[in-house]
Amino acid sequence: MTTNDKKDLLATRRDILKGAAAGAGALAATSALPGFVRYAQAQSSEPIKIGFQVHRTGIGAAYGRWYDRVTTAAAKLINDGGGINGRPVEIIAEDDGTDPKRGAEVVEKFASQHKCDIAYGTLFSHVVMGSAPRAGELKIPYFVVSEGHHVASGALNRYTLQPGICDVKSQVKSMAPFVTQNLGKKVTMIFPDYAFGHDHRDFFSAAVEANGGQIIEKIAIPPTETSFTRYFPKIPRETEVIYHVMVGPAVLTFVKEMGEFYGPNKPQIFGFIDSLEAVDLNSPGLEFLDGTYFWEGMPRYAQADQTPYDKFYRDHVGVDGNGASTADAKDVSTYAHMFGCWETLFVIKAGMEAAGYQGTGDRTKLIEAVEAMTDMAQSNEHPQGAKRFNGKTHQVFGPQYISKVEGGKLVVQHQTSIEDGLYDDEVDYTTQAL
Amino acid sequence: MTPTAKAFLLHGGLVLALVAGHFILPEYHQGNLARIMALAVYAMGYNVLFGYSGLLSLGHAMFFSAGMYGMGLSVQHLGFGAGPAFVCGILAGVVLATAVGVLALRTTGVAFMIVTLMFSQAVFLTILYFTPWTRGDEGFVIQPVDRMLFGIDLSDATYRYFAALVLFAIVMLATSRLIQAPFGRVLIAIRENEERTRMLGYDVYRHKLGAVILSGTISAVSGAAYGLLFGYVGASFASVQYSILPLLWVLLGGAGTIVGPFLGTLFMFYLIDLTSSITTAYMLLAGAALVLLTLFAPEGLAGSFRRRLAPWLP
């Protein structure tokens, strides 16, 4: 290569770098725009911006995909009905990568760059924990759909609320009586050895013992485990009920290996549908689950006594009677959780209307309006069931469903009441300054 | 102008530009810069080992998380204030870096990478194992009341920005001084030719151990600061992803340069921030950008700048 060639090559590289820098600058300017754009119309015609923190990538992506669809459907319904306080709703979605650090950055982006009115949508507990401090500091209402106990435990702040889905403590408390009265009193728990599993271990143990049952073994499985055969011999012979809450990609292996271990002579088995959200119950290897019980936040399969509210919700989101997408029967929904997005958006709507919400200056009024909420009737806005919101703990309570696998479908056996899931307050957020 | 004066002007200018940034930039970018400065400290710590000593670690998240958890656990369980907790975080980093250094430096090259990776995974799993205390993957929040340092509220955006800036400036100055000091010169000599350095009579092992401890401690400072500034402590910061990130930041910015880690962190942060708003395949775009940068600026941003325009750049 000659000297001139080198010069040409250098020039080319520089040009490319300059071009890249210019491109990046343009991109940055574009990205910064939402913060500077001003609507020419009057304030009243500006959309209400809802920052949607969504797990589009990372371990929560399957949930995020369906949270996205439910959010889009609910926002469309709200806008078709005239929006909120006469203003349309605009959903501004940002991927948090199911990562707490990125989650916090996304909340900052909603508050400071997109100028969103509120932030909403998060599922995974660690993302909520990582993001909530920033929401509190930025004083942006943060509505989570997580089912974690973090909100009601008092670990977060007054700007974080969970008005659309029950927390795990309430869920297991309300189900324990059914387990001890119908399935057996000697329970062995199998759970993942991290915070989510430990919550189940602690809350369910207490609830079972309060109902006259006994946890005879607690088997914690490390999250990195890919084969479970060595854990099954630890299950005591006198076990009457196995309670499992395994999650993640290894859950199919777990169920398959448990089936191989027990064969036809299995004890009663009670699991959390979290294990099999977005998974077809008729997948190979899951035959063993026939006759076992599951908790469901909302019944995946349309039941014989389906409510008109469930039908309305399914039709609008695009879910068939088997809990799969109407566009693709193999695309199974996260039905037991995603209703939380629907109900949360309608709580936000009701809260904004009650507060006469006009702009970010009314955020504190919105918080107070939601805190003032109590009972919510089962309706198109609350298709999962009636709810009771506790303004002090910022946590909603509602019914739970216990279903049995029969012929490859989940058939509801028992519906708990709101009262079954209530517990003593652990915090009063209303005492914190806004 | 002497190279030292030029370097002083550059680094001083960067700090002044960052001060000005607080008054000029929109709120969102101020918040981003606070994060970037805190994480750039982590990258500078990594650079001490990788860029100046030639030791490639794949497990630095253990030091970052040691600082974060050393700080967070002492707040959560011992009721320490922000100052003592911050010191606990640093001490946790010193102890862990010393232990890991003593053991891992029995290996070299690829084995060193693997040993550090394994140690880091062990730390990550330890955090999960002790979930009753650490809250495992979920982590825990450091409340604003526990983030008061000498009467300064670190949850306030302005104080947070300047706390991150002060920390960044101190570490930048310290690493700049380090590489000019005899100890740093020996580290560079080890990077360039370990056998020759040993032949010249230097105790290579002790210098490398010193580099691991320094690097681990600076990483722990960053972890403790990050937890205090942003109010969250979680196991994801101990995952392998957070061991790879400082490597990428340093490679992009320019290994063996003082400003390189900051530039790499800045570049990577905004690359993810901008592309994730455009597509869910943002990691693909980020990857393509990284490949392009590696092809056209293999020595990183600051490294290329040094080679082409500023041979004086430290």
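Strand S11 of chain A and strand S12 (residues 387-390) of chain A pair in the antiparallel sense over two bridges. Strands here are DSSP runs of E of at least two residues, helices are DSSP runs of H or I of at least four, and both are numbered from the N terminus. Two strands count as paired if DSSP finds at least two bridges between them. This is a predicted model, in which local features need pLDDT of at least 70 and side-chain atom pairs count only at pLDDT 80 or more, while totals for chains, interfaces and linings use all residues. Residues are numbered from 1 along each chain as its sequence is written, and chains are lettered from A and ligands numbered from 1 in the order in which they are written.

Strands of a sheet pair through backbone hydrogen bonds, either parallel or antiparallel.

Another set of pairings in chain A involves S14. Strand S10 (residues 293-296) pairs with strand S14 (residues 401-406) in the antiparallel sense over four bridges, and A:Tyr293 is bridged to A:Lys404 of S14(A). S14(A) also pairs with strand S15 (residues 409-415) of chain A, again antiparallel, over six bridges; here A:Ser403 has A:Val412 of S15(A) as its partner. S14(A) and S15(A) form a hairpin with two residues between the strands, and in this hairpin A:Gly407 takes a positive phi near 60°.

Chain A as a whole has 10 helices and 15 strands. Of its 434 residues, 50% are buried, where buried means that 20 or more other C-beta atoms lie within 10 Å of the residue's own, exposed means 12 or fewer, partly exposed is in between, and C-beta atoms are placed from the backbone. Two residues are in contact if their C-beta atoms, placed from the backbone, lie within 7 Å. Among contacts in chain A between residues at least 6 apart in sequence, 69% join residues at least 24 apart.

The domain assignment divides chain A into domain 1 (43-166 + 336-398) and domain 2 (169-296 + 405-410); such bounds come from an automatic or database assignment. The C-alpha centres of domain 1 and domain 2 of chain A lie 31 Å apart. Eight residues of domain 1 are in contact with 10 residues of domain 2. On the domain 1 side, helix H2 (61-80) and helix H9 (335-355) of chain A each supply at least two of the residues that touch domain 2. By class, that side has five nonpolar, three polar and no charged residues. Nonpolar covers Ala, Val, Leu, Ile, Met, Phe, Trp, Tyr, Cys and Pro, charged covers Asp, Glu, Lys and Arg, and the others, Gly among them, are polar.

Two residues other than glycine have positive phi. A:Glu147 has a phi of about 65° and lies in the loop between strand S4 (142-143) and strand S5 (160-161) of chain A. A:Glu147 counts as buried because it has 25 C-beta neighbours inside 10 Å. B:Phe150 has a phi near 50° and lies in the loop between strand S2 (148-149) and strand S3 (152-153) of chain B. B:Phe150 is exposed, with 7 other C-beta atoms within 10 Å.

Chain B meets chain A through 25 residues, in contact with 34 residues of chain A. Helix H2 (27-50), strand S1 (140-141) and helix H12 (260-275) of chain B each supply at least two residues of the chain B side, and H2(B) gives the largest share, three residues. That side divides into 10 nonpolar, 11 polar and four charged residues.

A nonpolar core is a set of buried Ala, Val, Leu, Ile, Met, Phe, Trp, Tyr and Cys residues joined through C-beta atoms within 7 Å. Of the 210 residues in this core, B:Val41 and B:Leu229 touch the most other members. Leaving aside neighbours within four places in sequence, B:Leu229 is in contact with residues including B:Ala34, B:Ala38 and B:Leu154.
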